Amino acid sequence: MTLLIEFAIALLKVLVIVFGFVMALGSLMTLTERKYSAFMQKRWGPIRAEVLGFRFGGLLHLVADGVKMILKEDFIPSGANRNIHTIAPAMGLFTAMVIFAIIPFADAWCTGLALPVEGMDLCFGFDDAEALQSAQPAAVATFAPTHPYFQIADLNAGLLYMFAITGIGVYGTALGGWASNSKYSLLGGLRASAQMISYEVSMGLSLAGLLMVYGTLDVNEMVREQGALLWGTVPMWGILVQPFAFFLFLTASIAESKRAPFDMPEAESELVAGYFTEYSAMKFGIFSLSEFVMVVFIGAICATLFFGGWQVPWLYADGFHFSGDSMLAAASGGAWTAGELQSYVQASTPDIALPYGLVVFLRIGCFLTKIILMIALQLQIRWTLPRFRYDQIMFLGWKILLPASLINLFITALAILLLR
Amino acid sequence: MPKCTINGQAIEVDRGVTVIQAAAELGFDVPHFCYHPALSVPANCRMCLIEIEPPPGRPPMKLQPACYTQVAEGMVVQTESERVLQARRAVLEFILVNHPVDCPICDQAGECKLQDYYMDYDAQASRVRTSKVSKAKVLPLGPEVVYDGERCILCTRCVRFCDEVTGTSELTVTERGDRSEIRTFAGRELDNAYSLCTVDLCPVGALTSRDFRFKCRVWLLTSTDSICTGCSRGCSIHLEHHRNEIQRYRPRFNPEINEYWMCDAGRHTYNEVHRDRVQAPAVGGQALTWPRAYEQTAARLKAAVEAHGADATAFVFSPQAACEDLYAARGFAEGALGATRHYVGGRPEGAGDDFLITPDKNPNRNGLLVMFPRDRRPAPFQRLLADLEAGEIKVLYMMGSEIPLDGEERARFLAAVAKVDLFVLQAPRQDELGPLAHVLLPAATHAEKEGTYVNCDGIAQQTRQGLQPIGGALPEWQVFVQLARRLEKPLAYSFVKQLRDEMFKVMEENSAAAAS
Amino acid sequence: MPAKTLVMERGKRSFWVQSYLPEVANGLAVTLKHLVRFITRQEESVFTINYPEEKRQYPERYRGLHRLMVREDGQVRCVACMCCSTICPANCIHIVAAEHDDASIEKYPRIFVIDELRCIVCGLCVEACPCDAIRMDSGVHCHSFTDRTTAFLNRDLLMNLGTYSAAKQGGERSF
């Protein structure tokens with residue numbers, strides 16, 4: 001019975017996150033990208049689709065594009081490998097969506113009483129504050145279980161999972177290019193694989209510094225670590241402890257997403273449309289959709305790793321704490337007695353007290369806002385910078401980003417060694 | 001042996017050599033219209049005026065025509081001095097006074113000396129404000145040549161050609177001054193067998209070829225060194241083509257064979273390259289790809305030869321084919337096919353003359369003969385007709401669709417061919433034999449392959465590939481190599497160089513044996 | 001006249017320019033500024049032209065469909081010199097010349113076909129024409145084709161767009 005409930009919850013999470021969030025944002029991106037670039041260039045962008053004279057500022061283009069993609073002729077060139085040609089776009093979208101499994105949209109739900117300890121919420125084994133008050137002061141406080149309702153898969157090796165899946169992501173592109181029986185597609189596919197393999201290296205190394213600082217591969221744990229207050233005031237977000245790594249990671253992951261200025265695999269001025277030259281209809285749509293989903297994912301993972309993920313600055317389980325002093329101190333023996341907790345709850349109330357449910361709600365909202373801002377940053381970059389030359393891309397990947405991330409790793413290690 | 005200095009470079013030449021020839025030897029091109037190395041020198045166009053420096057202390061000399069002035073001892077010549085350039089400008093301006101400048105219409109545009117020299121030496125706007133003299137336009141001088149009086153610069157090259165080379169003297173200059181025109185004598189036509197040479201000679205567009213007129217602009221042509229296959233003279237030609245279609249033949253200077261000339265009939269033989277071509281290999285009327293055609297042809301040949309014996313198998317060599325093809329054909333016929341009866345085909349004899357045209361209308365008969373030892377030369381075609389009618393031949397492999405028979409014999413031959421058990425025809429053209437063939441293999445013409453041809457005087461020449469093969473045509477020797485391999489008696493070569501090395505050795509041996 | 005050569009000094013680029021980073025930030029700032037000003041309606045001018053309702057004013061030298069000019073008597077001016085088809089970088093002009101009955105005209109295009117789908121609208125044919133026979137000043141948009149063969153505009157179609165040109169060969173144009 002519990003297994004069935006677990007399964008139902010997992011399914012619900014997948015449905016809500018993948019279809020309610022990822023797919024919605026991904027398809028909205030098709031319009032957003034065009035609108036965003038249009039506004040940057042003093043144009044109106046798509047505004048002409050209309051129903052009964054109403055245009056809704058171009059929102060109907062979403063529907064129009066979808067209908068068009070589905071109704072168009074699905075063309076497979078002669079000499080193409082039909083099976084691989086068909087599977088390739090699906091592989092691209094599959095990896096782009098599966099990767100969302102590790103993104104935590106909020107901290108795991110606490111079934112007991114959540115209290116902040118030095119910037120990290122801990123879930124104590126009391127039903128609520130009243131239950132705590134009535135407990136024996138001398139009793140050692142226990143911990144209540146938490147449920148990862150806001151993350152599809154709470155993996156303790158989440159980042160490794162991410163690298164594994166992005167590694168597979170290149171197959172969709174490379175196979176699509178190879179199976180099309182077109183030289184442009186093949187060149188595009190080759191470029192894509194070379195580029196993605198090159199940048200995967202520096203992408204991984206740029207995050208290694210972060211792993212050393214937080215000491216975990218669990219993505220949710222890394223977000224929780226970012227709630228700690230530095231010098232008692234500033235939340236210890238990834239961007240503060242690893243500013244250099246953020247730029248390296250952002251560059252490498254934009255290169256991974258194959259978008260300008262790294263869109264050599266599709267370089268329309270040289271390769272027509274690169275690896276998806278020979279694709280049409282919904283297969284073409286799926287390729288571009290997976291590209292947009294990748295953009296959303298890069299926004300999400302950047303927000304998660306470097307901008308505190310679901311953390312709202314200074315907001316903890318019981319409300320806002322603008323300084324670390326108002327929080328519970330670390331226990332001397334690794335455990336707290338109920339009395340210590342009772343005195344904390346009575347004495348040091350948070351600066352602004354908020355109920356736990358509202359806190360979770362705010363955190364989800366904050367995370368979504370961060371994602372949208374990161375997407376806007378990527379769009380801004382994509383529509384500002386011109387495309388690199390291919391040799392420049394390889395130069396940047398191997399001769400600049402790779403040494404830079406190694407240096408970053410070295411300095412981080414040195415700093416950790418000296419500070420501890 | 002007088003010595004002279006031209007533009008500061010000393011040269012020693014034979015007595016009687018003119019300045020224009022001496023300058024050409026040093027690499028100075030003196031512009032000229034009327035001068036032609038094969039014709040007499042009238043020095044009437046004045047384009048080749050050059051400056052000869054006077055002896056010390058004497059006033060400057062009048063400019064002299066380089067084509068007429070013979071080199072004298074100690075002569076100092078300037079071909080590009082300021083005075084010379086000024087004179088050239090003046091001559092060009094004079095010539096252009098009545099020239100219509102209708103280059104867009106004119107066929108000569110692109111290979112016109114007047115155009116070239118105008119761009120090189122004149123290049124100034126016209127100062128003439130009077131109207132131009134109008135003369136005859138589109139006047140046919142003969143069946144091949146059309147005359148435009150307005151474009152004519154009266155260099156008289158065409159007149160001298162007819163006087164000196166053909167000796168027919170059809171042309172003359174009529175009227176005087178700016179009304180002068182080239183005309184045929186009353187009651188005459190420019191209808192000699194070499195009349196189109198006047199079109200080549202004409203430095204401007206005054207004489208145009210009826211055949212080539214308006215067909216293609218000359219700057220679009222690609223020129224390939226080739227030979228004319230109209231008769232056994234084998235004149236050297238520029239084979240000029242555009243979009244894989246031959247547009248014209250033009251004689252290529254070859255002092256040993258045809259000098260600057262070529263006959264009108266030969267110029268028209270390019271039509272043969274495009275006429276009635278076999279488009280694809282066909283076995284039993286069924287068009288096939290080459291690999292399948294090889295297999296099926298070889299199978300049919302094998303079965304037929306086994307059924308009737310090598311003695312009932314005949315092979316017809318064509319003197320139209322190149323030496324490479326004939327050599328491979330001999331190897332194939334004697335080895336792979338095992339045919340014991342060999343014959344010679346080709347075109348029937350025609351009329352000849354005492355200049356270039358020969359009666360034998362096949363370009364490579366000497367090449368064919370020298371391919372065989374004297375005692376094993378193939379039999380004449382009449383023998384084939386007799387043997388066919390006697391019923392001794394059941395399998396016939398024939399190169400080329402030409403039949404060297406006329407009239408009643410030709411009809412008899414066609415009737416006899418229809419009775420053989422297996423008739424393989426490997427030819428560029430269908431003609432009457434195409435429909436009769438059980439196996440039809442397209443062959444490349446001289447325009448589509450590299451080949452060696454030996455002319456009537458025993459001079460071997462090589463053609464270059466100009467066109468992409470039309471239809472599925474292949475050089476015959478390649479087909480023989482493939483068929484021999486399918487018949488499991490492969491020839492010893494598969495590249496043209498191997499074949500040629502072997503072939504020239506055999507040809508040398510045979511010709512040495514024939515000479516002794 | 002010999003060509004004058006001017007040696008251009010290649011500007012020195014500073015380390016920060018070469019490092020690309022500040023310039024990226026500058027670029028992002030510029031585009032962001034435009035975005036914000038456009039969204040907040042501080043920038044009034046819009047580049048978008050709502051095509052079927054609004055139309056762009058074509059410049060005077062706009063190159064439209066080709067047209068073949070005609071002589072006084074309505075015959076085609078073209079003398080089939082092939083200059084246009086020779087210069088055409090897209091190889092889209094196909095001409096077959098023929099002998100004209102009138103000896104003063106002498107040569108005319110029996111077939112003159114332009115493949116408008118192949119045409120890259122470079123205007124070199126007009127530049128090359130020595131007879132003012134082909135022009136691209138018709139002002140007519142190349143319409144859309146559903147079949148390749150309908151894009152082959154032949155001589156008579158092209159002449160329908162054409163008008164009389166009294167230009168003298170080698171002389172000035174008179175319009």
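Modeller: B:Pro140 stands opposite B:Val146 in β7(B). This is a predicted model, in which local features need pLDDT of at least 70 and side-chain atom pairs count only at pLDDT 80 or more, whereas totals for chains, interfaces and linings use all residues. Residues are numbered from 1 along each chain as its sequence is written, chains are lettered from A and ligands numbered from 1 in the order in which they are written, and side-chain values use heavy atoms, with hydrogens and water left out.

Colleague: Which strands of chain B form the open sheet, and in what order?

Modeller: Strands (E, at least two residues) and helices (H or I, at least four) are DSSP runs numbered from the N terminus. Two strands pair if DSSP finds at least two bridges between them. Here the order is β6-β7-β10 of chain B, with antiparallel pairing. At the edges lie β6 (139-140) and β10 (207-209) of chain B, each pairing on one side only. Two bridges link β6(B) with β7 (residues 145-147) of chain B, again in the antiparallel sense.

Colleague: How many residues of strand β12 of chain B are buried?

Modeller: Buried means under 20% relative accessible area, exposed over 50%, and partly exposed in between (1.4 Å probe, protein chains only). Seven of the seven residues of β12 (236-242) of chain B are buried, so by this definition the strand is mostly covered.

Colleague: Which residues point one way from β12(B), and which the other way?

Modeller: In a regular strand the side chains alternate between the two faces of the sheet. From β12(B), one way is taken by B:Ser236, B:His238, B:Glu240 and B:His242, and the other by B:Ile237, B:Leu239 and B:His241; all are buried.

Colleague: Which strands are joined to β12(B) by six bridges?

Modeller: β11 (residues 222-227) of chain B is joined to β12(B) by six bridges and runs antiparallel to it; B:Ile227 has B:Ser236 as its bridge partner. β13 (residues 245-251) of chain B is likewise antiparallel to β12(B), with six bridges, and B:His241 stands opposite B:Ile246 in that strand. β12(B) and β13(B) form a hairpin with two residues between them, and B:Arg243 in the turn has a positive phi of about 50 degrees.

Colleague: How many residues of chain A are in contact with chain C?

Modeller: Contact means heavy atoms within 4.5 Å. By that rule 17 residues of chain A touch 19 residues of chain C. Buried area is the accessible area (1.4 Å probe) that two parts lose on being put together, summed over both. Chains A and C bury about 1600 Å² between them, 68% of it on carbon and sulfur atoms. On the chain A side, A:Lys42, A:Trp44 and A:Arg48 lose the most area to chain C, together 41% of what that side buries.

Colleague: Which side chains meet in a salt bridge between chain A and chain C?

Modeller: A salt bridge is a side-chain nitrogen of Lys or Arg within 4 Å of a carboxyl oxygen of Asp or Glu. One is counted between chain A and chain C: A:Arg48 meets C:Glu53 (2.9 Å, N to O). Helices α1 (2-40) and α13 (356-382) of chain A each supply at least two residues of the side that touches chain C, and α1(A) gives the most, with three. By class, that side has ten nonpolar, four polar and three charged residues; Ala, Val, Leu, Ile, Met, Phe, Trp, Tyr, Cys and Pro count as nonpolar, Asp, Glu, Lys and Arg as charged, and the others, Gly among them, as polar.

Colleague: How many salt bridges lie across the interface of chain B and chain C?

Modeller: The rule finds five salt bridges there. In one of them B:Arg213 meets C:Glu99 (2.4 Å, N to O). The side of chain B that touches chain C has eight nonpolar, no polar and eight charged residues. The area buried between chain B and chain C is about 1300 Å², of which carbon and sulfur atoms give 56%. B:Pro104, B:Ile105 and B:Phe214 lose the most area in chain B to chain C, together 44% of what that side buries.

Colleague: Why does A:Asp65 count as partly exposed?

Modeller: A:Asp65 counts as partly exposed because its relative accessibility is 22%. The residue is found in helix α2 (residues 60-71) of chain A.
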